[in-house]
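I open this notebook to record what I looked up in one structure. The entries follow in the order of my reading.

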Amino acid sequence: MVGRIFRKMAKDWFLAGMIAAVALATLFPGFGATGGAMHAETVSDMGIFAVFLLHGLALSTQSLKQGMSRWKLHLLVQSLTFVAFPLLFIPFRAAFGGIIPEGLMLGFLYLCALPSTIQSSVAMTAIGKGNVPAAIFNATLSSLLGIALTPAIVGLVIDMEGAGGMSFGKSVVNIATMLFLPFVLGQVLRPVFGNLAARHKKCINAFDKLVILMLVYGSFCDSVKSGLWTNNGIEVIALTMGGAAVFLAMALFISSKVSKWLGFSMEDRITAIFCGSKKTLASGVPMARLLFGAHPALGMIVMPIMFYHQLQLFVCSIMAGRFADRFKAAESPMARPEASPAEMGEPALAVARARN
């Protein structure tokens, strides 16, 4: 399994790009810092607006309508994202508050407050043979709710203005202007440019990732100039990786157990697990810049979501493959009425019963 993970890392140019962005920010922090030659403030705003305009163009409204009917599933996923996750931060801070630096702890709080991600939630649900329309609806709803709920959750714990960020009202207005407005504009323009966006989906995805890399670079430039590496050592990376792993393990465990306890079908359970445990890097980095733009530890604040993003992709891709294998094992014997319980096997029977 370890070798499989490293092979995925070797093929992932985006992961390599994030490492390169951090390295470049460490070597040349002045270029991308606030007030630097890159003009990061203006370029970042333009990139964020363009990314969410393209998201609006690419997202099918019909897919959202198909997934609206499973209200119990939607309620569970949104509760996991915006209630269970923030509540997990309370014991986490109590247990590790004396070990984790303040800026990094703020990053874990921000991780807990973020909405779910759209692309990987839907992709993993599709691979695992879950309820794809419901995944699309939930992930999109989560992104929209996050415009107001993410700054509200962070604001309940800290004074964002005192921490170098914006007030709650300004945060919501700023996020709505930079994220929600272009998304709605993209939906409005979809009848005209939707087919064009669909034909160039790979290019849009690549542009999305390039903008994130630019934002990561700019965020770390400001933090490096403020003493990110001089005031902290390699233990910061180790703490970030460990904390991200703890939150992902807890999220997967809770989403799996609660969806099973509620009696969901296997398809809906898969959707709940993947949508309820994911956190968005695509919206998380831009939103962090809007919320904490003046914070000296901005680079440290975005570190948890950077590590969590990669970890959730590795772990959930393995889980999605196993879910798909179970469905194949269940469907093959079910196609033969004469198949005995011994031939079907216990895992296949469990999946078959869940689906019925």
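Which residues in H14 are buried? I found that Gly284, Val285, Pro286, Met287, Ala288, Arg289, Leu290 and Leu291 are buried in H14, where buried means under 20% relative accessible area, with a 1.4 Å probe and protein chains only. Helix H14 spans residues 284-291 and is mostly covered, with eight of its eight residues buried.

I note the basis of these entries: the model is predicted, local features need pLDDT of at least 70, side-chain atom pairs count only at pLDDT 80 or more, and totals for chains, interfaces and linings use all residues. Residues are numbered from 1 along each chain as its sequence is written, and side-chain values use heavy atoms, with hydrogens and water left out.

I then looked up the whole chain. It has 17 helices and zero strands; these are DSSP runs, helices being H or I of at least four residues and strands E of at least two, numbered from the N terminus. Of its 356 residues, 51% count as buried.

Next I turned to a helix pair. The axes of H8 (residues 119-127) and H13 (residues 266-277) come within 9 Å and cross at roughly 150°; axes are lines fitted to C-alpha atoms over the stretch in contact, and angles run from 0 to 180 degrees between N-to-C directions. H8 is therefore roughly antiparallel to H13, a term for angles over 145 degrees. Ser121, Met124 and Thr125 of H8 make the contact with Ile270, Thr271, Phe274 and Cys275 of H13, contact meaning heavy atoms within 4.5 Å.

Technical notes. Angles under 35 degrees count as roughly parallel, over 145 as roughly antiparallel, 65 to 115 as roughly perpendicular and the rest as oblique. Buried means under 20% relative accessible area, exposed over 50%, partly exposed in between (1.4 Å probe, protein chains only).
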